[in-house]
Amino acid sequence: MIIAPSLLAADFTRLGKEAERAERAGADWLHLDIMDGQFVPNISFGPGLVAAVRPCAKNLFFDVHLMCGQPEILLEPFVKAGADLLTVHVELGEKVPSLLWKIKSLGKKVGLAINPPTAISAVRPFLDKIDLLLVMTVNPGFGGQSFIHECLPKIQQADAWRREKKRAFHLEVDGGINRQTAAECARAGADTFVAGTSLFGAHNLKAAVAQMRQAAEANDPALADLKV
Ligand code: DX5
Ligand code: ZN
């Protein structure tokens, strides 16, 4: 199980220190939300910020989530900045095949994301071209939103296709993830958990990471009731 704190919920006055804190807290990945104010109604940060944070968390895998209408102009700058995986949205339609190919040709891991309203069948043609499928569990654009339970059957379906095709892509969930919803998503087949508010907002980040991992590994929502 992979735990990926989302830097969007960190203290923006000290993002390098926050990345370092996530590494020391035992996180596996750092999730970086890139919002362009067009694909989603919010703006976050760009390649310059990612490059500045990269040396502060050398051992963390940089999971870059591109919520952007024109990711094709941003792939190389984020690769130069230190991204390990780049995720684009299937809602970009006919651009998707060339984007997935381009990320792979840049030597990076390939991620594909799907928004809550989009039918899971939209990603099926691409399952043999990706290293990660991101099932959004909130509508993208902001942290601190509530988990959308209607997304759970999409995770189950994606997991079923993954088994059927004997694929090994990561099944990532993002949005409203805490110990309880992480356990529910793990039970549905997820193995990679992005969380902002419930990790960077926790009193004790190290304990919060450990308990989210425990709840996910145990697939048992009851474990999620443990107090930090
Ligand atoms: C939302 C982003 C998420 C967000 C998660 O569009 O993709 O990564 O930061 O934040 P929480 O865990 O607070 O919902
Ligand atoms: Zn995200």
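**A buried cysteine, a pocket and a ligand**

Cys68 is tucked away: it is buried, with a relative accessible area of 2% (buried means under 20%, for a 1.4 Å probe and protein chains only). The structure is a predicted model, in which local features need pLDDT of at least 70 and side-chain atom pairs count only at pLDDT 80 or more, while totals for chains, interfaces and linings use all residues. Residues are numbered from 1 along each chain as its sequence is written, chains are lettered from A and ligands numbered from 1 in the order in which they are written, and side-chain values use heavy atoms, with hydrogens and water left out.

Cys68 sits in the loop between strand E3 (61–67) and helix H3 (75–81); helices (H or I, at least four residues) and strands (E, at least two) are DSSP runs, numbered from the N terminus. Setting aside neighbours within four places in sequence, Cys68 is in contact with Ile34, Asp36, Phe39, Leu74 and Leu92, where contact means heavy atoms within 4.5 Å.

Asn115 is buried too, at a relative accessible area of 10%, and belongs to the loop between strand E5 (109–114) and strand E6 (132–136). Not counting residues up to four places away in sequence, Asn115 touches Phe39, His89, Glu91, Met136, Pro140 and Lys154. With His89 there is also a side-chain polar contact of 3.3 Å (a pair of N or O atoms within 3.5 Å; within protein, one must be able to donate a hydrogen and the other to accept it, and residues adjacent in sequence count only if both atoms are side-chain atoms).

As for ligand 1, 20 residues lie around it, and Asp33, Gly141, Asp174, Gly196 and Thr197 come nearest; to be counted, a residue needs a heavy atom within 4 Å of the ligand. Oxygen atoms of ligand 1 are found 2.6 Å from a polar side-chain atom of Asp174, 2.9 Å from a polar backbone atom of Gly144 and 3.3 Å from a polar side-chain atom of His65.

The lining of the largest pocket numbers 25 residues, with Gly143, Gly144, Gly175, Gly176 and Gly196 nearest its centre. A pocket here is an open set of points on a 1 Å grid over the protein atoms alone, where a 1.4 Å probe fits, with protein on both sides within 12 Å along at least five of seven lines; lining residues have an atom within 4 Å of a point. Strand E2 (29–35), E3, strand E8 (192–195) and helix H7 (197–200) each supply at least two lining residues.

Technical notes:
Buried means under 20% relative accessible area, exposed over 50%, partly exposed in between (1.4 Å probe, protein chains only).
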